[in-house]
Amino acid sequence: MLTRRTVVGKMALAAMLPAIAASPLSAIAATATPKPTPEELATAALLHTAFPHARLDAAFYSGVAGRYLAEIAKDPAAMAEHRRGLALLDGSYIAPFAQLPEMVRRSMVARYDQEPFFKALIWRGAELIYRDAAVWKMVGYEGSSVEYGGYIERGFDDIDWLPAAGGAK
């Protein structure tokens with residue numbers, strides 16, 4: 001049975017492996033507000049902690065956080081739940097969540113990862129991050145293939161390790 005943690009871990013691993021061989025991502029920069037609010041900073045830090053990618057910079061996570069906050073701002077109950085969750089994360093009394101070291105942020109996330117605010121952020125955050133064409137470029141995904149007739153005639157038919165292809169014996 002796949003758990004949410006397993007799915008998120010596999011998604012992160014799948015995103016990271018092709019990125020090692022990919023070109024630098026200096027082009028990935030989401031539109032960031034000049035001065036993010038504390039709520040944006042905490043949400044961006046939470047997204048970065050949940051979906052850690054070395055090639056995605058702070059501006060990218062800030063942009064995703066801004067889009068996420070703009071979406072949930074339309075639903076007062078969702079925004080209230082998100083703010084309640086951020087207050088839990090800021091409750092370490094050491095420093096605001098966004099200013100905590102990565103290791104401490106991960107432990108805080110592990111503590112609250114079953115909270116509704118976190119589950120909502122994970123599901124929508126994954127979609128906002130992995131539907132971004134710049135991230136596709138980073139992981140080597142060319143996007144949907146349906147409109148191009150599938151993958152077979154697009155250079156993905158070179159499997160030489162299958163016995164039927166004459167590769168492995």
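## Close-up views of helix packing

**View 1. Where α2 meets α5.** The axes of α2 and helix α5 (residues 102–112) come within 10 Å of each other and cross at roughly 85 degrees. That angle makes α2 roughly perpendicular to α5, since values of 65 to 115 degrees fall in that class. As with every view here, please keep in mind that the model is predicted. On the α2 side, look for Ala 45, Leu 46, His 48 and Thr 49; they meet Glu 102, Arg 105, Arg 106 and Val 109 in α5. Sorted by class, this contact holds three nonpolar, two polar and three charged residues.

**View 2. Where α2 meets α4.** Here α2 (38–50) and α4 (76–89) pack at an angle of about 75 degrees, and their axes are 11 Å apart. This makes α2 roughly perpendicular to α4. From α2, the contact draws on Glu 39, Ala 42, Thr 43 and Leu 46, while α4 brings Met 79, His 82, Arg 83, Leu 86 and Leu 89. The residues of this contact comprise five nonpolar, two polar and two charged.

**View 3. Helix α3 and its neighbours.** Helix α3 covers residues 58–72, and its 15 residues should span 21 Å at 1.5 Å a residue; the end C-alpha atoms are 21 Å apart, which agrees. Buried along this helix are Phe 60, Tyr 61, Ser 62, Gly 63, Val 64, Ala 65, Tyr 68, Leu 69 and Ile 72. Which helices do the buried residues of α3 pack against? They pack against α2, α4, α6 (116–130) and α7 (133–139).

**View 4. The crossing of α3 and α6.** The axes of α3 and α6 come within 10 Å and cross at roughly 120 degrees. The two helices are therefore oblique to each other, and their crossing is right-handed. Phe 60, Tyr 61, Val 64, Arg 67, Tyr 68 and Glu 71 of α3 make the contact with Phe 117, Ala 120, Leu 121, Arg 124, Leu 128 and Ile 129 of α6. These residues divide into nine nonpolar, no polar and three charged. Phe 60, Tyr 61, Val 64 and Tyr 68 are also among the buried residues of α3.

**View 5. Lys 119 in α6.** Lys 119 sits in helix α6. With a relative accessibility of 33%, Lys 119 counts as partly exposed. Setting aside its neighbours within four places in sequence, Lys 119 is in contact with Asp 113 and Gln 114.

**View 6. Stepping back to the whole chain.** The secondary structure comes to seven helices and zero strands, following the pattern α-α-α-α-α-α-α along the sequence. Of the 169 residues, 34% count as buried. Among contacts between residues at least 6 apart in sequence, 68% join residues at least 24 apart.

Key. Residues numbered from 1 in each chain as written. Predicted model: local features only at pLDDT ≥ 70, side-chain atom pairs only at ≥ 80, totals over all residues. Heavy atoms only, no water. Helix = DSSP H or I, 4+ residues; strand = E, 2+ residues; numbered from the N terminus. Expected span 1.5 Å × (residues − 1). Buried < 20%, exposed > 50% of the residue type's maximum accessible area, 1.4 Å probe, protein only. Contact = heavy atoms within 4.5 Å. Axes fitted to C-alpha atoms, helices over the stretch in contact; angles between N-to-C directions. Parallel < 35°, antiparallel > 145°, perpendicular 65-115°, else oblique. Left-handed = near helix turned anticlockwise from the far one by under 90°. Nonpolar A, V, L, I, M, F, W, Y, C, P; charged D, E, K, R; others polar.
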